[in-house]
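Reader: I would like to learn how to read a model of this kind, feature by feature. Could you take me through the general idea each time and then the case at hand?

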Amino acid sequence: MGAGCGRRVVVLTYSRQELFAHHGNSSLAYGTQNEMDGECLGKKKKGGTSLNSTDTETATQTPVLQVRNVSKRFGGVKALNNVSLEVHRGEIKGLVGDNGAGKSTLIKIIAGVYPPDGGEVLINGEPVHFSSPRDARKYGIETVYQNLALSENLDVPSNFFLGRELVVGGLLKPLKLMRLGEMQKRARQAIEDLHVKIPAITSQVRWMSGGQRQAVAVARSAFWKGQLLLLDEPTAALGVEESGEVMRLLKNLATEQKISMIVISHNLEHVWSLCDSIDVLRQGKKVASVRKDETTPEEVVGFITGAHAVAGSK
Ligand SMILES: Nc1ncnc2c1ncn2[C@@H]1O[C@H](COP(=O)(O)OP(=O)(O)O)[C@@H](O)[C@H]1O
Ligand SMILES: [Mg+2]
């Protein structure tokens with residue numbers, strides 16, 4: 001990873017244009033747009049105090065994900081313009097913005113669906129170049145979309161192991177015999193461990209509710225030991241109770257298994273109950289990155305709509 005730059009979460013606010021260094025888990029730093037675009041902040045807190053031991057500990061932790069100055073164009077549309085973002089271990093980051101702001105495009109670049117036109121993606125400090133979601137999965141990046149999550153005509157174990165089936169005698173044997181019993185056992189264990197409530201592990205996914213499907217999709221990602229879970233509107237199609245179940249599951253995964261997440265949601269209430277930090281995209285640019293406990297829903301709405309002017313924006 002790049003020395004220094006990758007070690008801090010840079011937060012932009014417009015009312016408080018001060019520079020702070022990282023401190024503890026509720027780390028916070030303020031900067032200008034230029035700093036958000038990749039430059040480093042100073043090592044000292046305002047007033048010249050040097051970093052304490054908690055600062056140092058957090059500062060030396062390489063983020064699980066670093067997106068640096070990523071751009072993506074579709075024909076005449078600039079979907080992403082020089083976007084940077086960081087996610088730390090166990091952090092749940094909300095990614096918000098209006099329709100067409102570039103949220104899904106950013107997720108798809110991280111997930112290996114699209115290559116970026118410019119900029120880079122680093123996983124645990126290592127630059128990566130994915131040519132498919134399969135490549136991204138090798139790095140523990142799992143994605144849950146609103147609809148595409150599971151194969152309807154398959155049961156839970158088959159969905160868990162789709163494309164990664166356990167076979168007798170290894171993958172190179174011409175005749176692959178699937179270890180159905182073993183796959184079922186492991187899937188059942190994972191579902192139980194996460195307290196996911198489904199009717200029966202052997203029922204086809206088509207008979208499950210939206211919430212149960214999303215819970216199975218999330219459990220599958222956890223099962224494969226994903227280190228970074230990308231969720232594009234995971235609760236958009238769910239009712240209140242179902243959304244609550246999925247969010248409880250996500251929160252548990254982040255706190256107990258330290259899985260990092262980026263969650264796209266239009267529902268600011270969900271963002272508030274789930275996320276530690278929030279990044280805002282507007283017309284392909286990142287306009288803010290804030291810690292939840294340092295902002296308000298009103299301020300975030302202001303960033304989304306453009307009511308808050310972006311200091312130093314290009
Ligand atoms: N595959 C694509 N081909 C052409 N244009 C696209 C494609 N994907 C996204 N776009 C365009 O890029 C912009 C950002 O889209 P998207 O990332 O889906 O936004 P969001 O998820 O924030 O609603 C939009 O203008 C959208 O129309
Ligand atoms: Mg989208």
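**Reading the model**

Author: Just after α10, Gly 306 takes a positive phi of about 90 degrees. Residues are numbered from 1 along each chain as its sequence is written, while chains are lettered from A and ligands numbered from 1 in the order in which they are written.

Reader: What does the pLDDT average in the protein chain, and where does pLDDT stay under 50?

Author: pLDDT is the predictor's confidence in each residue, from 0 to 100, and where it is low, the predicted coordinates should not be read in detail. Here the protein chain averages a pLDDT of 78, and 75% of the residues score at least 70. Over residues 1-58, however, pLDDT stays under 50, although the model has 112 contacts beyond four places in sequence for them; a contact here requires that the C-beta atoms of two residues, placed from the backbone, lie within 7 Å.

Reader: How many helices and strands does the protein chain have, and what percentage of its residues is buried?

Author: The secondary structure comes to 10 helices and 12 strands. A residue is buried if 20 or more other C-beta atoms, placed from the backbone, lie within 10 Å of its own, exposed if 12 or fewer do, and partly exposed in between. By that count, buried residues make up 42% of the 314 residues in the protein chain. Among contacts between residues at least 6 apart in sequence, 67% join residues at least 24 apart.

Reader: Which residues of α10 are buried, and why do they lie on the same side?

Author: In α10, which spans residues 297-305, Val 300, Phe 303 and Ile 304 are buried. They are on the same side of the helix because they cover an arc of only 100 degrees around the axis, the arc being that of the directions from the helix axis to the C-beta atoms. On the other side, Glu 298 and Thr 305 are exposed. The cover over the buried residues of α10 includes β3 (92-96), α9 (268-274), β11 (277-282) and β12 (285-291).

Reader: How are β11 and β12 joined?

Author: Two strands pair if DSSP finds at least two bridges between them. In this case 6 bridges join β11 to β12, and the strands run antiparallel; Arg 282 has Lys 285 in β12 as its bridge partner. Since 6 of the 7 residues of β12 are buried, this strand is largely enclosed by the rest of the structure.

Reader: Which residues are around ligand 1, and which element supplies the largest share of the shell?

Author: A residue belongs to such a shell if its C-beta atom, placed from the backbone, lies within 6 Å of the molecule. Around ligand 1 the residues are Phe 74, Val 77, Ala 79, Gly 97, Asn 99, Gly 100, Ala 101, Gly 102, Lys 103, Ser 104 and Thr 105. β2 (77-87) and α3 (103-110) each supply at least two residues of the shell, and the largest share, 3 residues, comes from α3. α3 is itself mostly covered, with 7 of its 8 residues buried, among them Lys 103, Ser 104 and Thr 105. After α3 comes Gly 112, whose phi is positive, near 85 degrees.

Reader: Where is Arg 73 found, and which residues does it touch?

Author: Arg 73 is found in strand β1 (residues 65-74) and is partly exposed, with 15 other C-beta atoms within 10 Å. Not counting residues up to four places away in sequence, Arg 73 touches Lys 78, Ala 79 and Asp 117. Arg 73 and Thr 105 are 32 residues apart in sequence and 9.8 Å apart in space, C-alpha to C-alpha.

Terms used:
Predicted model: local features only at pLDDT ≥ 70, side-chain atom pairs only at ≥ 80, totals over all residues. Helix = DSSP H or I, 4+ residues; strand = E, 2+ residues; numbered from the N terminus.
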